[in-house]
Structure formats: C-alpha cells, structure tokens
Amino acid sequence: MKIHVGHGDTNAEERLNKNGVSRRDFMKFCATVSAVLGLGASGASEVAAALTQKRRPSVVYLHFAECTGCSESVLRAVEPIMIDDLILDTISLDYHETLMAAAGEAAEEALHKAVHDPAGFVCVVEGGIPTAQNGIHGMVGGHTMLSMAKDIIPKAQATIAIGNCANFGGIQAARPNPTQAMGVNECLKDLGVSAINIAGCPPPPHNFVGAVVLYLQGKKIDLDEYNRPLAFYGETVHDKCERLKYFDEGKFAPSFDSEEARKGYCLYEVGCRGPYTYNNCPTVKFNQTSWPVEAGHPCIGCSEPNFWDTMTPFYEPM
C-alpha cells in the first residue's frame, strides 16, 4: 500500500490551476521562496522548475517526541498556495502519521514499502529521540522511537530534521532530561547520519520549503556549525528586527503593559533573545502575517541548542 498525496503524472501547474491557484499566485510563491534562499527575484523561475519537475521523491516523515507543531507550521506555509496544493504534489508523501489515512497494519506496511523501495527515499524527522532504558519512553506501533530511528534514518538518501526537538532534543531534553532525549544528529552520529537542521519551535515554514527546493535542485546546502542552512540561519533575529532602531537608540519597554511597549520599543529588557538567536523570522514571518516580536512578545531563542535551559527564565534580560 503506497500512500500518494500528489496526483500522479498530471502537470503540477495544471493541478494548481484546477484548485484555483493561478500562475501569478504560483510565481509569487516561488519569488517568496527565492527571496528566502537569497536568490532574489530572478531565482523564482528556478524555484518554479524545481517544484514542478516530474520526479517525485518518496518521503518518509517520522514523528518522535514532539507536539506536531512543526507539521502544523508547514501545513500553513503560505496563502494562497498551501502545502497540500504544492509541496505534496512535488513529493510522494508515503508515511506521515498525522496526515495519512492509513492506520495500524496498513500504516506499518506503507512505511516498510517506502523504506525498502529500490528508488530510495528522503526522511523528514520531527521530534526528539528518547534513549534512556533502550528508548522505552517513546513508542510508535510497538517499536521504540530509538529503534525506528536507527533502522530507518541511516537508509535515507537525505534527512531533514525539522524543529528544535529533532535538532537538539527540544523540551524533552531540558534539565533533568529523564528520558535522555536527543536530536537526530547526536543520537545517530555513530551511524554516519548528518541531517539538515531546520531549527525553531516551530521553524518558519518557508525554511522547510526552501530546504526541499534546494534538495530538488540538487544544490549544495551551506550549513553552520549546527547543520542549519546559512541561507536561513546566517544572521541573528536582532539584525533583521523591525525594532532594532529602538535598541540602537536605547529605547526599551520596561514591561509589557508600559507606554513604551505600546509604542513598539525594543523588548530586550523584558527578555528578548534576538541578539543571541540565528533565524530569519523577522523577514519571512509566519503565514506571511506576523512573528512573535511584531505581535509584542520577545524572541525566546527557540532555534538555538538547548534553549529551554540556556535562554530561561524567558522574561529576564540575559
């Protein structure tokens, strides 16, 4: 049983048009992704070509210890082109516990066939991996998450770890970390796994889409020391923040209910971690609408390793 979310051999743009997505909207989306990748407006045609090619790689999307927030973020990637209109037409999503209709033995069979397909597969991992007591603290279908990770991920042609939990263990790995939860790369380093980390809690959805585009294009992805793509994580949140001018002027909000907060002053004194956090939230935002600081809440540093320990207490300056 193979779970195809896309629609076979018909042209991707034809399918989008049938679903009410115009060529103009499609190219607008591609221009946005191109900008995220640092390609500029001229790169939109390259993105469009990658997202409409006939090759549809098989994707196995594993859920481990997490809240499914990263899937929720990606599913709301952009208006008017949603993930099910475009990205799921570009890939063959053969296993995703949240989205697939199959359950029980049918789901297990879909996973087995995808992993052993001679054509290979790409693995996306969401969630940390509990390792204490041989992984008994995290189970899926009677298997420990640890055993699934060791069995499946090393077989993948490429692996994308989405979200802080899959990157660095997330909240499960916060002190005292009773389940000894780890990110993918730390857990499987002895097996030669080197996943691309799309960091955040959750990450901006365009960062995941951008990584998919780069993979489809076969391009080399430049990474930082934490395996995060430099195209998305090369600058701090502080560098791109719309409130940076107030930081430079020494204008800070002393509390959330202050007049300074209402004027949009810098949130550093109420705990903003933007100067210590690498991400592109201020420029790509979420749902093309807003991001925490724009909404009046300080950055909590969620794309950094072990932020639940290193960035807390959240509402005090570093």
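Reply: N177 is found in the loop between α8 (164-168) and β8 (181-182); helices here are DSSP runs of H or I with at least four residues, strands are runs of E with at least two, and both are numbered from the N terminus. The model is predicted, so local features need a pLDDT of at least 70 and side-chain atom pairs count only at pLDDT 80 or more, while totals for chains, interfaces and linings use all residues. Residues are numbered from 1 along each chain as its sequence is written, and side-chain values use heavy atoms, with hydrogens and water left out.

The phi angle of N177 is positive, near 50°, in a residue other than glycine. N177 counts as buried, at 12% relative accessibility (buried means under 20% relative accessible area, exposed over 50% and partly exposed in between, with a 1.4 Å probe and protein chains only). K285 also has a positive phi, of about 60°, although it is not a glycine. K285 lies in the loop between α15 (281-284) and α16 and counts as partly exposed, at 24% relative accessibility.

Two cis peptide bonds may be described next. One joins C201 and P202, with omega at about -5°; P202 belongs to the loop between β9 and α10. The other runs from T312 to P313, with omega near -5°, and P313 is placed in the segment after α16 (307-310).

Five strands form an open sheet with parallel pairing, in the order β2-β1-β3-β7-β9 (two strands pair if DSSP finds at least two bridges between them). Because β2 (92-96) and β9 (196-198) each have a single partner strand, they stand at the edges, and one side of each is left without a neighbour in the sheet. From one strand to the next, the twist averages 20°. β7 (residues 158-162) and β9 run parallel and are joined by three bridges, with I160 opposite I196 in β9.

Helix α6 (residues 104-115) touches β1 (58-63) and β2, and its direction makes about 130° with that of β1 (axes are lines fitted to C-alpha atoms, for helices over the stretch in contact, and angles run from 0 to 180 degrees between N-to-C directions; contact means heavy atoms within 4.5 Å). Helix α10 (residues 205-217) touches β3 (122-126), β7 and β9, with its direction at about 175° to that of β7.

The loop between α10 and α11 (230-233) contains D224, which is buried, with a relative accessible area of 16%. Its side chain makes a polar contact with the side chain of R228 (2.8 Å); such a contact is a pair of N or O atoms within 3.5 Å, and within protein one must be able to donate a hydrogen and the other to accept it, with residues adjacent in sequence counted only if both atoms are side-chain atoms. Leaving aside neighbours within four places in sequence, D224 is in contact with L230 and Y233. D224 and N197 are 27 residues apart in sequence and 9.7 Å apart in space, C-alpha to C-alpha.

Finally, the confidence of the prediction: the mean pLDDT of the protein chain is 86, and 83% of its residues reach 70 or more (pLDDT is the predictor's confidence in each residue, from 0 to 100). Over residues 1-9 the pLDDT is below 50, and this stretch has 28 contacts in the model beyond near neighbours in sequence. Where pLDDT is low, the predicted coordinates should not be read in detail.
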